[in-house]
Every structure is written in C-alpha cells, then in structure tokens.
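Let's take a walk through this one, a stop at a time. Keep the viewer open as you read.

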Amino acid sequence: MHVTVTLNGADVTYDVEPRTLLVHYIRDAAGLKGTNVGCDTTSCGACTVLLDGRSVKSCTVLAAQADSSSVTTIEGLAEADGTMHPVQKAFHEHHGLQCGYCTPGMVMAIVSLIAERGDHELTETDIRQGLEGNLCRCTGYHNIVEAAMAAARAPELRS
Amino acid sequence: MSILGNRVLRREDPKLLTSGGTYVGDLDLPGVLSLTFVRATIAHGRIERIDLEEAKAAPGVVGVFSHDDLGLAPMPPGMPFLNQEMTRPLLADGVVRYVGEAIVAIVAETPGAGADAAELVVIDYDPLPVVVDPLDALKDEVLLYPQVGTNNCFALQFGHDDTLFEGCEVVVRQRILNQRVAPCPLETRAAAALVEPDGRLMFYSSTQTAHGVRDTLATSLGLEPALIHVITPDVGGGFGAKASVYAEDIVTAWCARKVGQPVRWSETRSESMLGLGHGRGQVQDVEIGGLRDGRILAYRIDVLQDSGAYPAIGAVLPFMTRTMATGVYDIARAECNSNSVVTNTVPTVAYRGAGRPEATSALERAMDCYASEIGMDPAELRRKNLIAADAFPYTTPTGTDYDSGNYVGAFDLALEMAGYEQLRSEQQARRAAGGSRQLGIGLSSYVEITNGIPEGEYGAVEIRPNGKAIVRTGTSPHGQGHHTAWSMLVSDQLGIAIDDIEVIHGDTDLVPRGVGTFGSRSLQVGGAAVNQAAIEVIDKARTLAADLLEADVADIVLDKPAAAFHVAGTPAISRGWGELAQASLDQGGAPLMAEVDLSSPGASFPFGTHVAVVEVDTETGNVELVRHVAVDDAGRILNPLLAEGQVHGGIAQGAAQAMLEEFSYDAAGNPLTANFADYSIISAAELPSFETAFTETPTPRNPLGAKGIGESGTIGSTPAVHNAVVDAVAHLGVRHIDMATTPERVWQAIQAARSASEGGSATSTEGAA
Amino acid sequence: MIPSSFEYVRAGSIEQTLDLLNEHGDAAKLLAGGHSLLPLMKLRLASPEVLVDIGRLAELAYVGDGGDYVAIGALTTHDEVSRSPLIAAELPVLAHVAGQIGDPQVRHRGTIGGSIAHGDPASDLPAVALALGGTYVLTGPSETREVRAAAFHLGFLETAVAPDEILTEIRLPKMAGGGWGFEKLTKRAQDWAIVGAVAVRLDGNGSVGVGLINVGSVPARALSVEAAVASGAGAAEAAAQADTGIEVTGDLNASAAFRRHLTRVLVERALAKALA
C-alpha cells in the first residue's frame, strides 16, 4: 500500500506492506537511519519521533496510521544551515550522550516535552517523569536532565 | 596551557546528534539478506526432530541451516582453565541447554520474511530435567554434560583454614545473593558479513574487541586472519558483554560465505535478553571476624558462580572477586574460594565490574552486619579499618598489590558532602516519630582493579603533508569518547589542533593490532600508547627538522602553539608538521609516523566512597533513592566531563542492581524477565541527580598517572544503595535483605523481623541462610 | 518485532466499521491508538487477519458535557483526557490518572476506549470508571446500548462488547467536588501497577466508589469496602475488607499474600484522601 507522509518538511510516498511499522518506514523506505530500534515492547523510546508535532514511539505506530501526517525525526531538527536546535546544542554542551543510540529518541522526546509545557516551568521532576519512556544505559540520565533543563530555558523555545 | 584535565566537549557529538550514529543495522549494504535465528523454547532437552521443509519453501527464504549444515567445530570455553569438555556448538547439536539457545539459522530477503519463516520451523524436544539454581547444580544431580560427570566448570580452591578466626571476639556470618542481571545496552547485538571480490571476508561487528573477533572467526572458519577484515562501526553500548564473540557472529559469517551474498544479523531485544550474556550471578557465604572495639581481623568469602549453560568469561570472574576480596580494609587474614557451575540458563559474561562489584558488595554488606552486631556506627567501623594513606604500595592477604590510594581522604570527603551527621539526626527523628516513611543511609568504600589483564595496547601517530595527524588505536570505544580523549593527548604533545586530528579504531586493516576496550583499561594502556607514539613522532620530527634546518638535533625546539619546529633562538625560521611529513616522504618514502606496542604497565587501583540515601515506605516496601553522593579517585583525570559521565552511568547501573533489576527464571528454566517490559531496566524517573567529586591520587604505574574509571561508579554504588535499604529498616530488626530490594523483599524482611521479635528469639550472629 | 501480515482497512465512519466487523467476524480487530494491540502483534501473541483502523474517526474523539455526567468519545487520547478543562473541573481523578498512564509518547496515542475495551485488570482507567460508577455506550448494527462499568468486565481480557459492536462513548458521573484518592505501587514509573486503588466520594452520605487495579483477573470494585464505609466505618477499618471476595494470585512482582496486604494499604490511603 502507498503511504504518504510529510517527512521533515518534504512530502514522500513509499509503497510498503500494511504491517510496516512507522520506524521501519522511516529507516528502510525513507532511508533515515537516525531513529533507532532498541526494544520490542514499546519500552525504550529510542524510536521516538514527532507525529503531527507530538512525540510518539514510532515502533508502535503503523506507517499506515501516519498517512497524510507530518513526521519529524532527528535529521529534521537542525536548521538547513546546520545550526543545531537548542536541545541538540544543550546535549553537546552538557555531555548528554555517550554511545548515541538512545539519543535521537531522547532528543525528540525532550523537544516535545518542552513544546507542550505551555506556561509551566519544567522542573527536574517534570523532566525525569516525562522521560520515563526513554531508556538510556550509558549516561545515568544525570547530564540528559541537565541538558533538558538548560534547553528549556533557551530563549528560542519560549513561545 | 595544557588542555589535559579540561572539560573538552566531545568531537563525537555533532554527528550523533544530527544524523545519528552509524550502527551495524544502519550500514548501507546493497543486496544484504537478513539472518533470523530460531531458538530453544525449553531449558534442557534432546532435539528429537527438526522440520525445516515448510520454512525452506516460505516466500523470500534463501537458506535454512541447522548444526549439521555448518560443519564447524564447537566453540571451546575460551579460558584455558575452564573445563574444556564443556564446548558450545554454534547451533544446538542434538541437545539444548537453555531457553534462547540458537538452533536454526534462516537467511531471507527481509527481516519480515525471516520472522515469518521462523514460525514454520517445527522442533520436537524430549525434555530433560532442569537445574536453574547454582546451589542445586553444585550437587551434580542434574547434569548438563553427562559425559563430563560434573557441573563444576572451574574451581578455585586455596584451602580452608579452621583457625582463620582465632582471636576474634565476634564473628558474623551471612549468605548474600548477588543476583543475575542483564547488561541491556540500547543497541542489541548485530553483525554483517560479506565476501569481497578478492575473496576476503568483510565483517562488521558491534563489538568491544575487533581484533578478537577477527581471530576467533579465523580459528572457527579455518581462515588466515589476514583474509578477514573486521570493521567496527558505531557501537550502541557494550558494558563488557560485547567483549565476547558469540556463536551468532560466527554463524553470520558462515552464512554469508555459504549463500555468497551479504548477510546481516540484527537481533530483537527479546532475543538479546536471552542471547547477550548475563552479568553477576554469585551465591556468597561470608564470615567476618574481629574485636568488639571494631578492629576487623579476618574475612572469609566462599563464592558459588552461576556460569549459565556454556562456560564463558563469567565462570572465571570469581578470580577477580578473590583479587579484590578485602577491598580498602587492612584485614590481616582472608580466604576466598570458589566453584563455578553450569546451569540451564543464559551464559554469564563480563558485565560492568566483572567480579569486582561482587567482591565489594559482599564485603560492604559484611561490614554493615558487623557494625550492627557490635552496635557501632557503620562509618566509624569503616574508618577504623581503612588502609592508611602511607601504607602504599600495599599487598593484600589474597596477594594483590595496590599501587596508590588515599582511602581516608575519599571517605571523609564523601561523608562531608553527604552531611552524614545531619542525615543520622534526621533518621533518628523519623524513627522517633514512627511514621511509614523511613530514611536509610548506606555507605560503600571500595577499591577496584583496572587494567587487570596482562595485555598491552597498540598506538600509532602519523603526520600527513597537510599538517594533520592520524591516530590509530587498538582500543574500541562504544560511548567512552576516545576520539576526543586521544586527540587531547596527541594535541597536547604535538601542538596540532584537536580538530586536525583524526582517530581511527576498530578496523583491523587500518589498525594492525589491538586488544580492545573493557576492564577500564583504555586510557592507561591505549591512551598511554597513543601518547607514547606522539612522543616518538616528535623525536623523528626533530631529526628531520635538524636536517632541514641544518642544525644539531639537540638545538631543535618544538613550538607547540605554532605547531612547528625551529632552532633554539631563531623561532622565525621554522618547519611545520606538514612540511616535515612531506620531507619524510621525500627522503625515504616512509611517512612521518611512530607505532608503539606498549606493554601493560600493570594494574591500577581506583577507589572511593559512595553514600546513598533512600526513603523506604515500611508499609508497602517501596524504595526511593533520594540522594547519591560519590567520591571517586582514578588518579589523574584527563577529561573531567568524560570521567563524570562514566561515573554517572556506573551509578545508575549499580543502583539498579541494588533496588530494581534482576533476571529471573522459574524452576523449569523459563525466563520470566526476557524483555524490556518485564525486566526493570532503570529509567530517569527512579534516579536523582548525583553529587560527585574526584580526588586525584596518581598512580606511579603509568606516565599519565591515570587509573581506569569506567566501572568504579557501578562498583561503588551497589553496596551503598543496598546498605541504605537495609539501614532504613534496621531499627525494625532487619539484618539483611537480598538484592534487588523489591517492595516484596523489603516487606517480607520487615514481617520476618517482626515475627522474630514477637516470638522472643534473640538476634544471633548467624545470618539467615 | 515484526507482526504477521494482515489486510489493512481504514474505516471512514462508524457505520462502515460495523459493516467491516460483520463481514470479517473473528478475523478482524479494531485499531485505535494501537498501544494495546500493536505490542501484542509485534510479539506475535495476536495475529489478526484484518485490521480495521478507526483512528481517524474524529467523531469519536470529544469531551462533552452530558448534564450530570461527562461524555468522552472512545477515541479521546489519554493526553487529551489529562488536559481537558472540563474533565479537570468535573472529574479531577480522571485527569490525574490519565496523566500518569505509561509515558508521554504512549499518552499521545493510547485512547480511553482502547484501554477500557482491552479490559486488562492492570489498566488504570477501568478502575477509575468503576469507582465513579460510569457506563459505556456500545454501538452495534441495529442498536446502541449502555452497559454499566460494573457489568462490563466478564473475564480476563473479556468484556461485554459483542463481536459486532464497538465501544463509542464513556459516560462518567460528575464528581461534584467530592474527594478522591489514587494510590499506585509500581516498580518503575512506566510499569503497570503492582497494585493500585482509586477511591471517590460519591456523595455526602458516606457513599464511596473504590476501584482496584491488578488485584484479581478483572478490573474490580472493592464492594466490601464500599459497604463498610456506607455503614460508617473509617478508612482503616473499611480497607481491611479490600481483598474480600476477590481471588488474588501472585506473580513475579507480588506474591498473593503481599498483594492482599498492598491492596489493604493502598485502599486505606486512597480512602483516607477521599474521605478527608
């Protein structure tokens, strides 16, 4: 079946099996390898992308369910000229990644958390609970949380 | 101004943050086929029948293979001191010994086709009795290898001295379980293989030891190592478990050669929970004896190691437990004996700490039990027994030579950071108030052995005519940031900018030899080798410069900020690195390069003290880690940002073992926690931010003064968190709770203590079995 | 990881959905948020031949004022439920519980109807609906009927939804400012409850609704507790009845005995908050 998605701002159409998961559509059909698969029980969040602006675990969405929607992956986050998104920048400055495997999903989850906070100032507890669905084995989360708090204060992310 | 010791941001990050890392599963391999394994669903049984006909005929299937198709010898246990008859067939050969053991390999056009075909494979088993508990395996009633006649694959017996505790006024005994855990790197195991047009085997591996992979493939497939090219792309975590070469790696290579097309194997998480080796798995019987004034005189630990079904490196880890048995304490007499037994479970391998967390956990629990027995504050007991700062080098009763240490310094700092006295006051107040939320304070003072194996490491530095440097290292980073760290070392030596230094690792064609990254060895041998190569390249450059500048070598000066050489006194006339590299090529054709095979300078011993604060709900048994303080000393710190990151990750895994994680089996050998939903891998919501500090007591053993840091966080944290939980309910009469301190275990311990006190029995020095 | 193959159909209307269910019978499963069904399919524990995707039926995603109850469309996501001003005002316990289900990514996709129709005793929402005394609207080819939450769960993962019906609306009586308590013990934040309890004060006359999470094989009300409170017992006394009449079994995270104990403790705590 044909599934059409606006992927990082560009309309794409691929012919995939109905059983194709959105994460495999992104990785195999569209060739964007940044989004990773880390588990098979919807637990780890390595596959997190934005679907119509909100974080989802792309391993638990069929590509067919995303038809005609917009999908943003890690590759679509930085500016066209390479300027990193405040969350990416904060991860770099605060050493929020080691092996990098959980990182794309972690970054997208935090982008979504910050985007949805409204007027509320995110506390450390908000971040930690907000990331309960994103597992990391390398960092112990300490620097990820620091990076998220720093990014949340970035002026560019204030509505 | 040296860059060493600075918080240099990682060069690895930009790519990882924007397009993501390139892991084995991401590699663009035209025409690659997918490899799917069919695995045993019972823990022990003879294979009566394997029916592959339907699977072979399924759409998209290229080949279906079982043991007899391979024609390959089984893998020997790997370590020479393991029982060499307990070999491991690459695919199950007539018998399966654990749930998850690979039996059939299916090569198909897509992962989906492979998964569909796997469902069509029919395997009939004739079940055999199962043994899961190592204590049962020790009895040799149910045997995994009947022809061998025992389940014991490795005994380390140094004798039992009945007089060990002579002169002790107090002896406390306790059985301690150091439970089986799963390493859970976010990237599961993966490998890809293809045969090049020239006949060489190209093998991509998610590994910590590229050259080890090459050599194992060579031996197994009967190929010359030179005919195998191993490349390590980005690796999504390893934690020791990817330092082993697995049967599936070899089968992947075999399949690619068999079908004549590229083959990729990328396991699912559920597979990985049963295929990637497990960690820990010791039953420990400890006895600790001394005087009532707190002086510890003697310590005994008997270890029973669960090896899993096929003995691998996990089976020999009791040797490391023995090595670090007495830890940071000045204990005159000690004994450590062990047996390693096979069970119908996933084989155990090295996992962050590999034998040393087990030693520290046992000893630190024993110290708290002893403190409780004599009614002394656990901090006071520890301080009384710490090896003094002026006692180094120090040899332990089990024959280990510690290089340097300042245990009291780290200890005092940790307690100061924690506000120990205040914590005890708050604890007292809560106990007096009698509410359900009680506070527990746990201590752990540890020392551990890094770079404990005798192998050295390869390092090379080459300068190109464009003035940039290429570093080749035998280490194998999987998150540690070696590209940043090694380029710091080389930049500091040569004056070449970090961004002009390329670091190459994990490619057996580009790096001729290497050992890899595990055991917290990389900086002290790998970094040291690269550093030495840089120094030797400077010597070569000076000779070239002397020639070009027509001066005496002794008069040549390296101006690092200018990245150029000149004659002392005339800095304006200089030759840059690029020019010298060109000159080297012009003169004899050889590049300006130095290669070093650094012999191991010997093991080093980082140490520290951790303090954990937990809140325990005495009605539900729920445990919350509210604070964790860590003071670690790994000698001279090259990059504090990277070192802290290692400590953080280590603390998370260590705390997880104490409170949450446990790989469980039922009595029939069925795994109960074989995916990320059932196995409680720790998340950010269960952890606080950590309070960390380094003290720096350099080691005299290597020129960098550096010890390893990679495993310290794990080793130090588990006992602190564990002790904190027991401490939280100690006032209710609880003496010990086994890890993981789940709500049920905590609640059961409280209930047992309540019944014991209501029944009027006195607390004894004999710990509960 | 990869589900078995299936035929995929996107339903354009409730009517079309019912036609498809009628046509395919047992071979078809409904796909809403997919966060109960897809995890099972990825492990090949479920292999429906046909998936009917109702996720785009916008007419089933709403939060409306039904007078003395709040009407919630079955396809309203947990995230939408947790952020709804009407639910925050009239059903604060639901807003709170919905905001804690799974993690943010799960809440963006999982729906209240999907969760309730799945009928897992370890789910949070069925217990909330039971405590509130809610009802479910089931739409079939010939009729639409309302079933009390208390009569909805028939067995383990078995509900009153007939093969040719779909759950379209959840109706929950407004709390009218009544007190409430929600207590859940989990291993990790993202995990299913080991045991959970919801208590809601239904009126000023000692009437409470108490729902249990992961105690027994179906989502259940603690009827004995409710009766005890109704006859004047305080939280502690009433909570001692919490596990009465329920077959409690042990699992990896709690033995039967521990589960019984937890049920009593958490019911007491939830009740204490509800009655405060």
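What does the domain assignment of chain A give? Domain 1 (2-73) and domain 2 (86-157), with bounds that come from an automatic or database domain assignment. Bear in mind that this is a predicted model, where local features need pLDDT of at least 70, side-chain atom pairs count only at pLDDT 80 or more, and totals for chains, interfaces and linings use all residues. Residues are numbered from 1 along each chain as its sequence is written, while chains are lettered from A and ligands numbered from 1 in the order in which they are written.

Back to those two domains of chain A: their C-alpha centres lie 21 Å apart. Across the boundary, 15 residues of domain 1 are in contact with 12 residues of domain 2 (contact takes C-beta atoms, placed from the backbone, within 7 Å). On the domain 1 side, β3 (48-51) and β4 (54-57) of chain A each give two or more residues; strands here are DSSP runs of E, at least two residues, and helices runs of H or I, at least four, numbered from the N terminus. The largest share, three residues, comes from β3(A).

Now hop to chain B, where an open sheet of four strands runs in the order β18-β26-β27-β28 with mixed pairing (strands pair if DSSP finds at least two bridges between them). β18 (437-447) and β28 (691-694) of chain B each have a single partner strand, so one side of each is left without a neighbour in the sheet. Strands β26 (607-617) and β27 (623-633) of chain B run antiparallel, joined by 10 bridges, and B:T609 sits opposite B:V631 in β27(B).

Methods
Two residues are in contact if their C-beta atoms, placed from the backbone, lie within 7 Å.
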